[in-house]
Every structure is written in structure tokens, then in C-alpha cells.
Amino acid sequence: MRIIISLFIFSGALMSCAQDINLNDIPSVVLNTFKTNFPDARDVEWEKHGDDYEVEFDHNQIDHNAYIDAMGELILYKYDIRPSELPEAVKNTIQVDFKDYQIDDAELVEKGGEKLYDVELDSNLADRQVVLTQDGQVTENAYSFID
């Protein structure tokens with residue numbers, strides 16, 4: 001649970017103070033980590049968030065984001081998936097616990113070897129963002145967003 005909460009705090013903090021940066025201003029250890037993990041990345045854009053780096057890129061026409069610290073450690077990465085790609089346990093939890101919502105968007109988040117599913121849900125009253133584990137357990141559903 002702490003990992004998920006810190007993931008959202010980390011993501012929120014990153015979004016609030018992002019700054020686009022030039023490729024020449026990125027430490028080689030950060031670039032090496034990126035190139036090693038994502039050698040086929042296309043349309044690469046970098047931002048700096050405090051001491052960490054976010055890289056947005058496409059791979060096989062799918063949007064990806066990776067977060068790498070200044071020491072070159074891959075903190076986490078995420079990418080868009082189709083709702084049909086969600087594990088059955090995740091889809092079942094959404095159908096039962098969020099029956100008044102429709103899946104709008106889904107991302108697979110990988111951090112420290114753990115796979116999480118960040119799902120945006122829409123309804124007539126409000127939108128909601130929910131993070132679930134592979135086995136369909138809601139790790140944090142207290143976030144409600146309307147974009």
C-alpha cells in the first residue's frame with residue numbers, strides 16, 4: 001500500500017514541477033539506462049522533475065513513460081494497454097465493485113518487479129482512477145479525477 005501511495009505522490013510531484021530538457025543535459029548514466037531498457041523507443045521527449053528524469057516515448061505505436069533517477073536507476077515505467085488486455089481478475093473487480101463505471105483508459109505500471117493496473121473509470125457523475133494488483137485487489141481507490 002505504501003508503494004502505491006508513494007507512486008501517486010511521486011507522480012503528482014513530478015507533474016507539478018516538470019521542466020523540458022535538452023538531450024545534452026541528461027547524464028550519460030540516465031541515457032544508458034534508457035537505451036538499455038528501451039532500445040526501440042521512438043519520438044522520445046525528456047523532462048526533469050527535481051533530481052529525476054521522465055522520458056515519454058512510443059514503442060510499437062504505444063505511449064510509454066519511464067522514470068529514471070539521477071543515478072541511472074529505473075524507478076518505474078508505464079504504458080497504455082487496451083481494456084481487453086486487463087487481467088480477468090482486474091476486469092471482474094471493476095465489474096463488481098465499480099459497476100456504475102465504464103473503463104476509459106488503462107495503463108500497466110511496473111515498479112520494482114510488481115505489475116499494477118492504473119485504470120481510469122468514467123460515469124455520469126464523476127470520473128475515478130483506481131489502481132489494482134494483478135489479482136484484482138484494489139490498492140488505492142481514493143482518487144477521483146475529472147479532467
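Me: Which residues does isoleucine 81 touch, not counting residues up to four places away in sequence?
Reply: This is a predicted model. In it, isoleucine 81 belongs to strand E5, which covers residues 74-81. Leaving out residues up to four places away in sequence, isoleucine 81 touches Leu86, Ala106, Glu107, Leu108 and Tyr117.

Me: Is isoleucine 81 buried or exposed?
Reply: Buried means under 20% relative accessible area. Isoleucine 81 has a relative accessible area of 10%, so this residue is buried.

Me: What distance separates the C-alpha atoms of isoleucine 81 and aspartate 105?
Reply: Along the chain, these two residues are 24 residues apart. Aspartate 105 is also among the contacts of valine 119. The C-alpha atoms of isoleucine 81 and aspartate 105 are separated by 7.9 Å.

Me: Which residues have the most contacts inside the largest nonpolar core?
Reply: That core has 28 residues. Elements that each supply at least two of its residues include helix H2 (28-37), E5 and helix H3 (88-97). Those with the most contacts inside the core are Phe34, Trp46, Leu86, Ile94 and Val119.

Me: Which residue in E8 does valine 119 stand opposite?
Reply: E7 and E8 pair in the antiparallel sense over six bridges, and a hairpin of five residues joins them. In E7, valine 119 also has alanine 106 opposite it. The residue in E8 that stands opposite valine 119 is valine 130.

Me: What is the phi of glycine 112 in the turn between E6 and E7?
Reply: E6 and E7 pair in the antiparallel sense over nine bridges. They form a hairpin with two residues between them. Glycine 112, in that turn, has a positive phi of about 55°.

Key
Residues numbered from 1 in each chain as written. Predicted model: local features only at pLDDT ≥ 70, side-chain atom pairs only at ≥ 80, totals over all residues. Heavy atoms only, no water. Helix = DSSP H or I, 4+ residues; strand = E, 2+ residues; numbered from the N terminus. Buried < 20%, exposed > 50% of the residue type's maximum accessible area, 1.4 Å probe, protein only. Contact = heavy atoms within 4.5 Å. Core = buried A, V, L, I, M, F, W, Y, C linked by side-chain atoms within 4.5 Å. Pairing = 2+ DSSP bridges.
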